[in-house]
Structures are given as C-alpha cells and as structure tokens.
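Please keep the sequence and the structure in view while reading.

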Amino acid sequence: MTQHLAAPAAPATGTTGPHPGWWRDAVIYQVYPRSFADSNGDGMGDLEGVRTRLPYLKDLGVDAVWLSPFYASPQADAGYDVADYRAIDPMFGTLHDADAVIREAHALGLRIIVDLVPNHCSDQHEWFKQALREGPGTPLRERFHFRPGQGDLGELPPNDWESIFGGPAWTRTENPDGTPGEWYLHLFAPEQPDFNWEHPAVQDEFRSILRFWLDMGTDGFRIDVAHGLVKAPGLPDLGRDEQLKLLGNQVLPFFDQDGVHEIYRSWRKVLDEYAGDRIGVAEAWTPSADRTALYLRHDELHQAFNFHYLTTGWDAAALRTAIDDSLDAMRPVGAPTTWVLSNHDVVRHVTRYGGGDQGQARARAAALLMLALPGSAYVYQGEELGLPEVLDLPDAVRQDPSFFKENGQDGLRDGCRVPLPWSGTEAPYGFGPETGGPSWLPQPDSWAALSVEAQTGDPASMLELYRGALTVRRTHPALGAGDAVEWLPAPEGVLAFRRTGTDGSALVCTVNTTGTPVAVPAPGRVLLASATPETTGADTALPADSTVWWAV
C-alpha cells in the first residue's frame, strides 16, 4: 500500500496570530462506524459504508471526519478493546477499505482522524496472551500492571481501585500450572488490560503505531482516555468507595497524572515529522479547564474535548461561565477551544434538553450557539438529524459492557449508538442495502420522519439548519477561529455576544434559554435563526429556547 500525505490546509478563515492551522476552526464529524452505514447487508456498519456516504458529509459542510475504532478486536467494548492496532476488524472491512476511505475523503477535501486507544488493549492482544502463558516474573508481564494479591493467600486485589464499568479494577489470573496467580489492572472491562506506560517497549510500540497510520495518510488521532496512561507510583489506595463519582472532580492516582505530558511531547515530535498539519486530540476528563489546557501546550497536543461545556445545562448563566472558563484556559497555551454537545458515550442532547418538542427546540438553539463560538466544533453523527436517545432498547440487544456490571457507568450508552436513518419509511431506513437484514440495534418507528431523505429540502428541518449554519460559518469572516467573544448586555436568561472579523464585519449571536419569548433590541439583520423571531418596531421577540445570528 503506497504512502500518501494529506495536502497542507490553507489558513482558516478568521485565523489570527502566529499559529494558523486547519484544526483551529474545523468542524469535525464523529462517525461511529458500526452505526453509520452498512454496505453489505449484515446489519453492521462498515468502512465501505463510510466511504459511500462521504459525499453527504462534504455536502453537510464539515471539515474532517473522526472515525471511532475499526481495529481488529473481540468487540468486548465496541472496538475499544484492540487486539491488533495495524489490522482492521473483518466486520468493518480490510486495510484496503481503510485506505479507500482516506483517499476518497482527501479527494473531497475532508480530513480523516482515527481513534487511538493507548491506555489499554484487548486481552486477546498477542503481548497479553503471551504474558499469561509465560507466568509471573517474565518480561512481557512488565508491559502491563501485574501484581500479587493481598491477603494470606493473595486472594484480595492489590489495591482498592474500581473499574469505570463497575466492580474491582483487578482480575486474578491462573498460573500455567493451574494455581491461582497474580492480578492484572483494567480500569475498564476485564477484557481490557491496562498498559504499563513506564515500560520503553510500550512507548516504542505506540510511536510505531502512530507512524503506521500517518503513513496511511490519516490527518490525526483522537486519543482515547488520554488522561489515563500514567498511574501514580506504587498504585496507592484511593481510600473510598463509589470512585466513579470522583471522575472529573479531582486528580486521581490513575487519571490525569502529570507523567502523561512527557508521552504527548514525544508524540508531538512524531506528528511534526509529517507534512499536512497532522494533529492529536485528547479525550481528557480533568477536574478543570485549566488542567485540560496542560495537554495543549505548544509541544504537546493540538485539541482536547471540552467536557466541561458538554456537561453544562441549558442555562444562560451556566453556559456563559463555561464559555468564559474554556476560552480563558486555552488562551495562555495558544490552543483553540473546542465545543461539543454529544458523542458516543453520553445521552444525546435532544433528550438531555428535555426531549420532545422542547428538546428539539433547545437542540436547534444549542447548535447555533456552538457553531458561533470561536474555535473548533464537533458534531456527533445523527445530531444534525435531531435524533433523540433511544431509551427503550430491549435488554437482550444491549452490548454496552457496563450494562452488565454494578456500580459502574449507567450502562445505557447503546441508546446513542442506534444506526442512522438514511431513507425510506421502514427500518432499517436505508442503513443497509434493501436485500440486507435488520440493523445491529433496532431503530424506532418514529425515525422515518428524521431520515436524511425526509429532512432534505425541508427548510424547517434540523438537517437544513445545520447545512445552513455550516455554510455561513465557513464563509462569514467573523466566525471560526478566535479566542474571545464580546459579551453584550442582555436580559436574564439570554446570552448575547458579538464576534468581529479581520475585515471589520461583525455577527451578533443571541440565545434565549428561557421557556418564554424575550424582547430585545434588534442588533441587525437576521442571518439565521433556530426559530423565527418576531420584530415590532425596534424590538424583536426572541422565541423561547432559540438562537438568532444577526448580521451587523
């Protein structure tokens, strides 16, 4: 397979300062491959399905596509348990299919970001299988966290850490002679043993994996559990139960340790070896935006997911605080702020915002707010269709590993992973070929009205709102890259800010987060609105739960 490098991007519209780069104002679309498009009718999305739908993403107006894992995997955690980082799982296709996706995307002017899972692998990874076969004290065990147990017979876990998916973060092994053996660490499922990032072989292997995919032409990496690679020396007890409640609230002995930054400095050197502005994006759950910013210093990564914004409710004061805190934290390190409303691990925001008509109205307004903010935005597949969370999936079809555990995550992530509706009036709504079978998760009957086909051309649809907003965002000099907004006076429950382009043109964004219309002076001409405002004289009534972009 030949090497091909992505063409360097032109500086983004509205970029200021000495650090141009396509990622500074990019709109990045997350594809969850098993739920995006099925090319062969087996009910499971695949890479060929992704390739055939790339023109849709080009027409939508996004700049890059982030692909969730497609590597060879037993699928204990939907591909986040990787057995071979250089091979494609047969359910998704082959390396040639991956190459075709990258080439087709580049031909359409789209970038490709692939998911990388460095905190842990699959228990079917060759390193781990050999470590089990060879037994205690052997070199390969040093590449993971194997430890003797506590108690008289080693029957207790080495410490009190809990798995994110529930239960202890340790599983006991069996020695080659059949006797009870050491324990190994897995912060997630038992099928996902954690790597020991203090070991040089682990560090070397992942630099090699980076180069493999960069040579394939990928434009960057989304780094799963970027905050988890380094553990505190000695693996100390945490000293309390219900540890999941501490995530994102404080630095933990297994999360957000300062040693991770040396790893990303070494990765940045690899990324910088390649032409075309290759990037690293951290999935880092940290206690504060300031801690997140540490991952984005000039010699580390380029972006980090803004979980602080994602978890903020539909409230004007809370949103303003989250926006200010995010921008203030990124400004000193010169990194773009990112904005995100949903992903494959959280309840879709239509449902989080109340569901039904209220959830749809708020989701429309939230989309325009997000796309008006300075920096880069992420769109999770289906949010441009206004898809709600599927809350009534039968237990028999669920596959989220935490669903089968106690005291872990809620186990309901399958509800945001239901395959997309593309066309037609009956399931699977064009997700696969007409001759194919049902999708791997059942789609609701109500989704016929939410399909791409049903919404295309309807000016009142969520899809056309996204298409219009992304067109304006790409062309308006005041939108895109930047590191600040100018807040304007506004009534309680309303946000108002101005953004000004280098050519002096300006855009004002007003957001009414209340459940009733609010009158404000019209700052200019309506450019785009999530719901139609009513103007009487000099005042305009902003509809409940709405956002308006104004040309000034």
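In which loop does proline 428 lie? Proline 428 is placed in the loop between strand E13 (376–380) and helix H11 (452–455); helices (H or I, at least four residues) and strands (E, at least two) are DSSP runs, numbered from the N terminus. A cis peptide bond, with omega about 10°, joins alanine 427 to proline 428. Tyrosine 429 belongs to the loop between E13 and H11 as well, and has a positive phi of about 55° although it is not a glycine. Most residues other than glycine have a negative phi, and most peptide bonds are trans. Tyrosine 429 is also buried, at 1% relative accessibility; buried means under 20% relative accessible area, exposed over 50%, and partly exposed in between, with a 1.4 Å probe and protein chains only.

Aspartate 545 is another residue other than glycine with a positive phi, near 50°. Aspartate 545 sits in the loop between strand E20 (539–542) and strand E21 (546–551) and counts as buried, at 7% relative accessibility.

## Basis and confidence of the model

This is a predicted model, in which local features need pLDDT of at least 70 and side-chain atom pairs count only at pLDDT 80 or more, while totals for chains, interfaces and linings use all residues. Residues are numbered from 1 along each chain as its sequence is written, and side-chain values use heavy atoms, with hydrogens and water left out.

The pLDDT is the predictor's confidence in each residue, from 0 to 100. The protein chain averages a pLDDT of 93, and 94% of the residues score at least 70. Over residues 1–19, however, pLDDT stays under 50. For residues 1–19 the model has 46 contacts beyond four places in sequence, where contact means heavy atoms within 4.5 Å.

Glycine 21 lies in the segment before strand E1 (27–31) and is buried, with a relative accessible area of 3%. The C-alpha atom of glycine 21 is separated by 6.9 Å from that of aspartate 277, although the two residues are 256 residues apart along the chain.

## Nonpolar cores

A nonpolar core is a set of buried Ala, Val, Leu, Ile, Met, Phe, Trp, Tyr and Cys residues joined through side-chain atoms within 4.5 Å. The largest one has 130 residues, and those with the most contacts inside it are Tyr29, Leu57, Tyr264 and Trp549. Helix H10 (residues 356–372) gives the most to this core, with 9 residues. A second, separate core has 16 residues, including Phe165, Leu185, Phe188 and Leu238.

What does leucine 57 touch, leaving aside its neighbours within four places in sequence? Leucine 57 is in contact with Tyr29, Val31, Phe36, Val62, Val65 and Leu110.

## Cysteines

A disulfide is a covalent bond between the sulfur atoms of two cysteines. With a disulfide taken as a pair of cysteine sulfur atoms within 2.5 Å, the count is 0. Cysteine 121 is buried, with a relative accessible area of 0%, and cysteine 416 is buried at 1%.

## Cavities

On a 1 Å grid over the protein atoms alone, a cavity is a set of points where a 1.4 Å probe fits but cannot get out, and its lining residues have an atom within 4 Å of a point. Grid points are joined across faces, edges and corners, and a volume is the space filled by probe spheres set on the points. The structure holds 7 cavities of 30 Å³ or more, and the largest cavity has a volume of about 80 Å³.

Among the residues that line the largest cavity are Ala289, Phe305, His308 and Met330. Helix H6 (289–293) and helix H8 (316–330) are the elements that give two or more residues to this lining.

Definitions and conventions. 1 Å grid on protein atoms, 1.4 Å probe; cavity = no way out; pocket = protein on both sides within 12 Å on 5 of 7 lines; lining within 4 Å.
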